[in-house]
Amino acid sequence: MSARPLFTPLTLRGVTFRNRIAVSPMCQYSSVDGFATDWHLVHLGSRAVGGAGLVMMEATAVEARGRISPHDQGIWKDEHIAMLTRIAAFLRGQGAVAGIQLAHAGRKGSTRRPWEGGGLIAESDGGWQTVAPSAIPFRPQDPPPAELSKSEIATLIDAFAAATKRALAAGFQLVELHGAHGYLMHEFLSPLSNHRGDEYGGSLGNRMRFALQVTEAVRAAWPQDLPLFLRISASDWVDGGWNLEDSVQLARRVRDLGVDLIDCSSGGSSLEQKIPLAPGYQVPFAERIRREAAIPTGAVGLITSAQQAAEIVASGKADFVLLAREFLRDPYFPLHAARELGVEPNPPVQYGRAF
């Protein structure tokens, strides 16, 4: 019985997900000038073939300086749409909902790829001036980001709306806003990174303003029959930082603006964070936000087994489980989980003889 909810379809607005297993957005650092490639088609397509109910594309920058690295995916110009259209069509054709995460890296941009050591790329070496709510670098040794003016903030809100329209043109059925992991929206939310003295800083309501304005603009640009998700870091894991109580309040506010699910991650805002890593360590965030903000949630983080995923959904702790590294290890996790849990797997006809 515990397996059944994990494989029960869920409908949000006009979109039905065949199960509650989602591919979490995972940066591939494999784009040139923001363009998706055949790598993305095969990487994401394999997970759709593998039975995921939702396949989400990685953090996709709404402007060029919003990339984490020069190799990040982008959606800041119309030329990006063609390859994204091909990918979204394949995902839908395999029965998965095609989603895309819209993002801006803020002060954590202009970095090398992880397998190249990470670290800031200087402007003289092909990097760029990063931007943030306040001129506070993420690492003490880094040059400070440029503090965004109010007119620049308005331009960024427009960039998120324009990216949303491109996502629609490409055939995506779901948009997720990236408000986690120390990137721009999270930088506005957290008092660790937002020291502004205007209406975008100070009080909790002011620090939420950018996230709320982006949400309003994106919801207005996105059809009413298509769902909108928001990923947050539910806690900075630092005393005096953004916390779960703040997250509950934010979830209530964005729910009223038309967000359909809170994707509950954590951390990324400070090098001082102390995270008690353990299987399912972030699930309590999803459970409490779901209960106290009365909004569907997604649980993410060290979810690696079929039994674990099934228990999270069956017990009402979250409406979705979003898997990342486990999907890198096993693109067919949903098909294998179904068989393990006693549910009839439903592979593509081409793979039926293997199941």
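View 1. R92 has a relative accessible area of 36% and is partly exposed, a label for values between buried (under 20%) and exposed (over 50%), computed with a 1.4 Å probe on protein chains only. This is a predicted model, in which local features need pLDDT of at least 70 and side-chain atom pairs count only at pLDDT 80 or more, while totals for chains, interfaces and linings use all residues. Residues are numbered from 1 along each chain as its sequence is written, and side-chain values use heavy atoms, with hydrogens and water left out. Helix α2, which holds R92, covers residues 81-93; helices (H or I, at least four residues) and strands (E, at least two) are DSSP runs numbered from the N terminus. Beyond residues up to four places away in sequence, R92 touches A98, A170, G171 and Q173, where contact means heavy atoms within 4.5 Å. Have a look at G45 too: its C-alpha atom lies 9.5 Å from that of R92, although 47 residues separate the two along the chain.

**View 2. T164, a buried residue of helix α3.** Here T164 sits in helix α3 (residues 150-169). T164 is buried, its relative accessible area being 0%. Leaving out neighbours within four places in sequence, its contacts are L102, V218, A221 and W222.

**View 3. The closed barrel and the pairing of β3 with β12.** Eight strands with parallel pairing form the closed barrel, in the order β3-β4-β5-β8-β9-β10-β11-β12; strands pair if DSSP finds at least two bridges between them. Strand β3 (residues 21-23) runs parallel to β12 (residues 320-323), joined by three bridges. In this pairing, I21 stands opposite V321 of β12.
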